[in-house]
Amino acid sequence: MNHMLKASVLGGLASLSLAFGASAADWRGWNIHVEGYPNTVAMDKFAELLTEKTDGEISLQMFHGGTLGSQPDAIEQVRLGGLQIGNFNLGPIGPIAAEANVVSLPFIFKDVPHMFRVLDGEAGEMIAKGMAAEGLVPLAWYDAGARSFYNGAKPINTPEDVQGMKVRVMNNDLYSGMIAQLGGNPSPMAFAEVYQALKTGVVDGAENNWPSYESTGHFEVAGYYSLSQHLIIPECVCINADVYNGLSDDMKAAVKEAAAESAELQRQLWAEREAASREKVEAAGVVVNEIADKAPFQEAMAPVYEDYLAKNPDLRPLVELIQATE
Ligand code: GTR
């Protein structure tokens, strides 16, 4: 169906549903996290703000806890329009949108504030454009802290400590390359399967931020958390591109505003939850291991960068722009 026709059919449906008192658009949204998690609370807030700012023309029903499927599947659903909204980590978006994959280069960001400065600048625009071209428009960026390694057997202090370890990663070749360069065996797996895999020894370890390590109960079955902080990956509130492009300018502004306000809340809740999660797992007996020297981990990533740039030579300026951002 061409866009004009699609718009007029959608318009017709909208006025029909309005006549019956429903919203002009009833959206469905995906989120992987449990009740009380910063992203869950913020996505609920987004839904509330959407209705408020669009005078009830748009309503969003959120489905939390990954009940509508795994993250890679949900990303496809939002791209295809089966779902309209998702709170996604940019990790599994990288294989779809090459520009978005830069954030999955290990140690690319100095820290979280650096990541947000990058996203708020020209590099962020390039990333957003690349995503939009693949059917996912980022409306706002959420904080997901830094990811570190955890496992059950021993603290990790050097790349040698990763040697021979089976480590769960998200679906993205960059993460598999990262583990391989440290001498480990990468095991890409859906988030929902990691607890059992750790418990039964299908994998020896995994990596994530404090809140996810805690909320999933992974800390119960992998009691060493070593502060490698090798990945700082942003998350988006993403919308299907056709749905977004079909909105009037006023509606677009309202949707963006709702997402921005939800992001403000998310970042505040995130800071609180990071501290609370760490406190909780430490109280439960988790051994937190500060890594004295992270340089060997960073140096080991050179082939990951080389490989990425060999495959995406046109993205070298983007990588350099991020590295040059103060
Ligand atoms: C979390 C992130 C999720 C998911 C998960 C994972 O930190 O918020 O979207 O990507 O990690 O490791 O799969």
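This presentation covers the nonpolar cores, the disulfide and the ligand surroundings of one structure.

Colleagues, the model is a predicted one, in which local features need pLDDT of at least 70, side-chain atom pairs count only at pLDDT 80 or more, and totals for chains, interfaces and linings use all residues. Residues are numbered from 1 along each chain as its sequence is written, and side-chain values use heavy atoms, with hydrogens and water left out.

I begin with the cores. A nonpolar core here is a set of buried Ala, Val, Leu, Ile, Met, Phe, Trp, Tyr and Cys residues joined through side-chain atoms within 4.5 Å, where buried means under 20% relative accessible area (1.4 Å probe, protein chains only). The largest such core has 58 residues, and Phe 88, Leu 90, Ile 93, Ile 127 and Met 131 have the most contacts inside it. A second, separate core of 25 residues includes Met 43, Leu 50, Val 255 and Ala 258.

Leu 90 deserves a word. Beyond its neighbours within four places in sequence, Leu 90 is in contact (heavy atoms within 4.5 Å) with residues including Ile 127, Met 131, Trp 141 and Cys 236.

The link is left-handed, at -115 degrees about the S-S bond, and both cysteines are buried.

Finally, the ligand. Among the residues around it (a heavy atom within 4 Å) are His 33, Asn 89, Phe 191 and Glu 235. Polar side-chain atoms of Arg 147 and Asn 208 lie 2.9 Å and 2.7 Å, respectively, from an oxygen atom of the ligand. For Arg 168, a side-chain N or O atom is 2.7 Å from a ligand oxygen.

How values were computed. Buried < 20%, exposed > 50% of the residue type's maximum accessible area, 1.4 Å probe, protein only. Disulfide = S-S within 2.5 Å. Polar contact = N/O pair within 3.5 Å; in protein donor to acceptor, adjacent residues only side chain to side chain.
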